[in-house]
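Dear colleague,

Please find below the structure that I am handing over to you. My notes on what was found follow it.

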Amino acid sequence: MEQAIISAQNLSKAYRISHRASYGTLRDSISQLAKRLLTKTDQHDTVEEYWALRDINFDVQTGECIGIIGKNGAGKSTLLKILSQITSPTSGQVTINGRVASLLEVGTGFHSELTGRENIFLNGAILGMKQSEIRKKFDEIVAFAEVEKFLDTPVKRYSSGMYVRLAFAVAAHLEPEILIVDEVLAVGDAEFQKKSLGKMREVSERSGRTVIFVSHNMAAIRKLCQRVLLLDKGRIIASGKTDAIITQYLRPQQEYQSESLFNDDAHDVQFRRVATLNIHNQPVREFSFGDKILLQINFDVKKKIFSTLIIGFEIYNDEGLCIFTSTNADQSGVPKKIGVGKFQANIYIDTQQLLRPGNFTLNFHAIVPNICIIENIEGEIGFSVMDSNENITSKLGYIRRGVLEPVLPWNIQKLS
Amino acid sequence: MAEYQGNTIVIKPTKGWVSINLRELWRFRELFYIFSWRDFKVRYKQTIIGVLWAILQPFLMMVVFSIFFGRLAGISSNGVPYPIFVYSGLIFWNYFSTALMGASNTLTDNENIVKKIYFPRLLLPFSATITPLIDFFFALLVLVGMMVYYHSAPSLLTVVLLPLLLLLSFLAASGLGSLLSAINVRFRDVRYALPFLTQLLFFVTPVIYPISIVPIQYHWVLSLNPMTGIINTARAVFLHQSTIPYTELIYSTLVIIVLFIHGLFYFRRTEKIFADVA
């Protein structure tokens with residue numbers, strides 16, 4: 001087997017998070033010092049070590065295109081920064097056998113006062129291109145960016161689209177042996193993204209360059225990479241063929257229940273049971289896109305609440321984003337008073353209007369606004385919405401981006 | 001942070017002092033030109049009189065100093081007209097203070113690049129020190145004009161000493177600038193303290209007064225200030241004075257060499273954390 005072009009051994013990176021003011025002024029440091037001298041005790045204000053990367057080992061062969069995926073904070077960017085020599089590891093080492101260019105951002109070093117032409121040279125040089133190289137590719141870069149007319153305009157007068165196109169165009173014409181790319185394809189409009197992705201493929205496939213590619217866009221990873229590393233909390237938790245690892249990554253880490261019962265008795269308002277049901281009143285955790293979900297909340301009110309009692313839930317998607325919150329105050333604004341007793345709330349959720357295929361978790365809460373949170377239940381139950389024929393995405397083979405995939409009534413009229 | 005063996009880079013943690021990688025600096029020379037070119041290009045963008053500022057600023061300072069210190073306060077200028085006396089020192093001082101300021105703020109000004117791309121970080125303070133040289137040359141033109149006006153011919157030694165003095169000023173500004181820029185990454189106080197400190201330093205540098213008005217036993221203290229020897233020597237050659245203060249020049253040179261080496265090594269030592277704390 002030939003020698004790996006990149007080889008990482010036991011790579012770790014720790015950041016020190018100090019719990020005092022983080023980037024201090026001289027005054028802070030002096031007063032800290034004084035305090036330490038006076039109190040004698042070795043009062044090392046709580047400094048916490050945070051391991052952004054822990055024992056990372058991997059090899060990359062020449063010509064391979066490797067994807068790195070993982071949630072935010074998994075350590076992807078730190079790994080790229082070490083590979084690009086921007087920051088140094090705390091322990092371990094990486095051996096790289098070739099010229100590296102890294103693209104952690106498009107338009108690094110662009111100066112708004114300089115013209116498009118000047119910025120091409122500036123940015124090219126910052127990315128590691130020789131001036132002669134840039135001159136040779138200048139026309140190609142300009143054509144790719146579609147900014148011929150504005151070459152001698154300062155980039156501060158560019159539209160954001162033009163700016164991004166120019167920035168990506170310079171980067172796309174790098175010709176290193178190893179290219180390190182962070183989430184940079186997510187710029188520009190859809191059409192330009194497609195063009196950029198095409199360019200990236202050309203770079204990795206046709207010219208046989210080695211590429212390390214970080215993205216949250218699984219479609220792009222699938223198109224570009226043969227192999228993927230999955231990072232979680234600073235460690236590589238899986239690596240292998242792209243499809244297998246992506247499937248593993250997208251699978252929810254925890255199998256959520258469709259129904260959860262509570263026996264606790266500590267609160268004045270006590271949740272007894274929360275469940276997701278289908279239209280036949282059976283608890284299920286998988287729904288098809290287009291189905292209605294019946295959310296059932298059983299709760300006891302044990303003491304009279306004198307102020308307004310709000311019962312509500314929140315729906316979170318895979319990425320931890322709260323899609324929406326709904327409460328018993330949704331319709332009227334001022335909810336009906338709830339007396340002492342046992343209650344059941346039934347809420348219908350239309351997946352087609354409010355969600356999109358994916359995995360979701362639910363939080364529940366009972367609160368008295370401005371006074372207290374009586375009860376709060378997080379991540380006990382969850383459900384999945386599966387793709388179905390109802391989904392326009394699968395019908396048209398056209399990706400709709402967004403948190404929701406609502407069906408809106410469009411009215412298109414021909415104008416005379 | 002990285003070792004090169006041919007085409008192979010080994011990235012591993014470093015501890016303590018780090019040597020200065022000249023080969024790498026040489027490899028990145030084009031980026032150095034580009035940074036300098038950018039700083040120059042941007043310097044007078046969107047101004048009406050543009051590079052004329054490089055002339056106007058020292059010229060007006062010279063006028064003001066001549067009125068207040070030359071005329072009203074009657075500070076001696078060793079027999080030469082006060083305007084030309086003060087101006088010949090001022091252009092070196094202006095170069096030094098602008099370059100020092102630029103170099104000290106360069107890492108924080110270029111923070112977005114430092115955090116995203118690797119290159120030898122030393123390029124930044126160096127290129128920030130190079131750019132103000134252009135202003136210096138424009139300001140020098142005014143000096144030539146003043147020499148014609150006052151019928152004052154420079155000494156022949158100018159040809160040799162001017163480049164040397166410029167080199168020394170460059171080393172002083174880039175050495176001290178590297179040190180301060182590295183500190184500035186962690187402690188932004190530098191940005192605020194520096195203008196104040198340069199102003200103080202200005203008064204302990206013989207720019208507006210001749211060193212002869214300071215009692216002789218304190219001259220060595222002034223000579224510790226790297227710009228003292230440079231400015232006194234510059235005056236001696238520009239104004240064609242008989243004695244060139246070689247002792248002071250040697251003092252200043254030694255101080256500058258120490259400053260420069262210390263600045264560079266301190267910079268290299270702290271370089272690895274720039275991206276983490278900037």
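With which residue does A:Lys13 form a salt bridge, and how far apart are the closest N and O atoms? The partner of A:Lys13 is B:Asp276, with the closest N and O atoms 3.0 Å apart; a salt bridge is a side-chain nitrogen of Lys or Arg within 4 Å of a carboxyl oxygen of Asp or Glu. Because A:Lys13 lies in strand 1 (residues 6–18) of chain A and B:Asp276 in helix 13 (residues 274–277) of chain B, the pair joins two chains. Helices (H or I, at least four residues) and strands (E, at least two) are DSSP runs, numbered from the N terminus.

Please note that this is a predicted model, in which local features need pLDDT of at least 70 and side-chain atom pairs count only at pLDDT 80 or more, while totals for chains, interfaces and linings use all residues. Residues are numbered from 1 along each chain as its sequence is written, chains are lettered from A and ligands numbered from 1 in the order in which they are written, and side-chain values use heavy atoms, with hydrogens and water left out.

**The interface**

Chain A gives 48 residues to the contact and chain B gives 35 residues, where contact means heavy atoms within 4.5 Å. The two chains bury about 3500 Å² between them, 59% of it from carbon and sulfur atoms; this is the accessible area (1.4 Å probe) that two parts lose on being put together, summed over both.

**Helix packing in chain B**

Helix 6 (residues 123–130) of chain B packs against helix 8 (residues 158–186) of chain B at an angle of about 140°, their axes being 9 Å apart. Axes are lines fitted to C-alpha atoms, for helices over the stretch in contact, and angles run from 0 to 180 degrees between N-to-C directions. Helix 6 of chain B is therefore oblique to helix 8 of chain B (angles under 35 degrees count as roughly parallel, over 145 as roughly antiparallel, 65 to 115 as roughly perpendicular and the rest as oblique). On the helix 6 side of chain B, B:Pro125, B:Phe126, B:Thr129 and B:Ile130 meet B:Phe170, B:Ala173, B:Ser174 and B:Ser178 in helix 8 of chain B. These residues comprise five nonpolar, three polar and no charged (Ala, Val, Leu, Ile, Met, Phe, Trp, Tyr, Cys and Pro count as nonpolar, Asp, Glu, Lys and Arg as charged, and the others, Gly among them, as polar).

Helix 4 (residues 82–109) of chain B also packs with helix 8 of chain B, at about 30° and with axes 7 Å apart, so the two are roughly parallel. Their contact has 17 nonpolar, eight polar and no charged residues.

Yours sincerely
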